[in-house]
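These notebook entries record what I looked up in the structure. I began with the conventions and then turned to the individual contacts.

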Protein chains: 2
Amino acid sequence: MRVGAALLRTEGPGVLSLREIARRAGVSHGAPRRYFPTHLSLLSAIARSGFADLSEQVWTALRAAPQDPRAQIKTIAERYVRFAATNRGMFELMFRHDVLSSGGELGLRDVSLPLFHLLTDLVAAARPASRFSARVTAAAIWSALHGTAQLWNWGSLTLATGATDPTPFIDATLAAHLGPEGRP
Amino acid sequence: MRVGAALLRTEGPGVLSLREIARRAGVSHGAPRRYFPTHLSLLSAIARSGFADLSEQVWTALRAAPQDPRAQIKTIAERYVRFAATNRGMFELMFRHDVLSSGGELGLRDVSLPLFHLLTDLVAAARPASRFSARVTAAAIWSALHGTAQLWNWGSLTLATGATDPTPFIDATLAAHLGPEGRP
DNA sequence: CATCTTCCGTAGACAGTGTCTACGCGCTCT
DNA sequence: AGAGCGCGTAGACACTGTCTACGGAAGATG
């Protein structure tokens, strides 16, 4: 099989054993070894494609969104959390420590960093005066997004607040960091 | 062995195979089965003890901290992130989806919910006027803390901002949600 | 005191896993 | 046409989690 990309529509994260993947691909259990020296490197490749997918979704959404910084930040935030909620298994795989630490931080450096820098610039343009640098604020927002996605995904936020939608938490985070919504 | 508690000082999360745990405990590989019907239930028990540990650390730190709401919130935040940084393997185990989803959400309901409600009350007392409910704000803060702990743990924040300490992100988050520091 | 039951651990089997090795088919290139 | 090699197969190995049958020690019961 060309890449593990064709196998990404894994129905669950439990099917990700090397032999099971090979089985679904219709090849013998030794075949993937030609392309990926180890099981983890296969998973890393799958996760990397997940990062690419996420970043592409965010970028295209950004192009379609209004151009003012605040709206762009909101678009990033919503896309990030929605991606996590829609592609649960993939999101979980993408942030598994063992997968992450192998493969040279996989997509983090190549995919997330440009996005993070964009976020930093947007934050610098959108936020009110603050004693924190735009980098720190952007990182805090990113952390909040990631935590929201994570907690939302396994239902903790629903359990704690009864919410049926994660957007209020996103809005609260952005409003806190950038000031109330509604003005340029 | 009485509980897996004695085995918690696991040097790494890779040693957590059932047989390896039994080996370190000096018993045969079938012995743990008397107490934990399945491997996952053993891990859940270990993770549960991790939740208990975390919550205890937070509560005792709260007792020693100044009593004004803002300082209490900061104490919770710092303890949470510090726990994650200090007990990496345990933190990771505690939030593994498969461990989480088994064992009836293990410590989440029993341990985290009281803490969350306390956080909600503190937020209600400490924050300025806002159009978001205290619940939502508290949940947003919690998400931010969790995300910070996670991203910090695998070095993303350092990679993105060059920071050597996670407290700036905590401070930025709290300042954003609760207003600048320094007043009652 | 003898016996029986119940707890708690052992030891072996089984299917399944990731990795490694030897093997062979079929293509391409000179 | 023949050699080389990319790409896949098949079997082995150590290891895993789960299941089962077995044993021995302790306490309860007659």
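**Conventions.** I worked on a predicted model, in which local features need pLDDT of at least 70, side-chain atom pairs count only at pLDDT 80 or more, and totals for chains, interfaces and linings use all residues. Residues are numbered from 1 along each chain as its sequence is written, chains are lettered from A and ligands numbered from 1 in the order in which they are written, and side-chain values use heavy atoms, with hydrogens and water left out.

The same surface serves both copies, since 100% of the contact residues of chain B recur in chain A; contact here means heavy atoms within 4.5 Å.

**DNA strand C.** I took a residue as near a strand if one of its heavy atoms lies within 4 Å of it. Around DNA strand C there are 17 residues, and R19(A), R33(A), T38(A), S28(B) and R34(B) come nearest. Of the atoms of DNA strand C within 4 Å of the protein, sugar and phosphate account for 56%. Helix α1 of chain A (residues 18-25) supplies the largest share of this surface, 3 residues; helices are DSSP runs of H or I with at least four residues, numbered from the N terminus. The surface divides into 5 nonpolar, 7 polar and 5 charged residues. In this classification Ala, Val, Leu, Ile, Met, Phe, Trp, Tyr, Cys and Pro are nonpolar, Asp, Glu, Lys and Arg charged, and the others, Gly among them, polar.

I then listed distances to phosphate oxygens of DNA strand C. A backbone N or O atom of L18(A) lies at 2.6 Å, and a polar backbone atom of H39(A) lies at 2.6 Å. For T38(A), a polar side-chain atom is 2.3 Å from a phosphate oxygen.

Which part of DNA strand D is 2.3 Å from the side chain of R19(B)? I found a base nitrogen at that distance from an N or O atom of the side chain. A polar side-chain atom of Y35(A), by contrast, lies 2.5 Å from a phosphate oxygen, and one of S17(B) lies 3.4 Å from a phosphate oxygen.

**Helix packing in chain A.** I used axes fitted to C-alpha atoms over the stretch in contact, with angles from 0 to 180 degrees between N-to-C directions. Helices α2(A) (residues 39-64) and α3(A) have axes that come within 9 Å and cross at roughly 145 degrees. Residues of α2(A) in this contact include L54(A) and V58(A), while those of α3(A) include I76(A) and F83(A). The contact holds 7 nonpolar, 4 polar and 2 charged residues.

The axes of α3(A) (residues 69-86) and α9(A) (residues 167-178) come within 10 Å and cross at roughly 145 degrees. This contact has 7 nonpolar, 1 polar and 4 charged residues.

Note on methods. A polar contact is a pair of N or O atoms within 3.5 Å; within protein, one must be able to donate a hydrogen and the other to accept it, and residues adjacent in sequence count only if both atoms are side-chain atoms. Helices (H or I, at least four residues) and strands (E, at least two) are DSSP runs, numbered from the N terminus.
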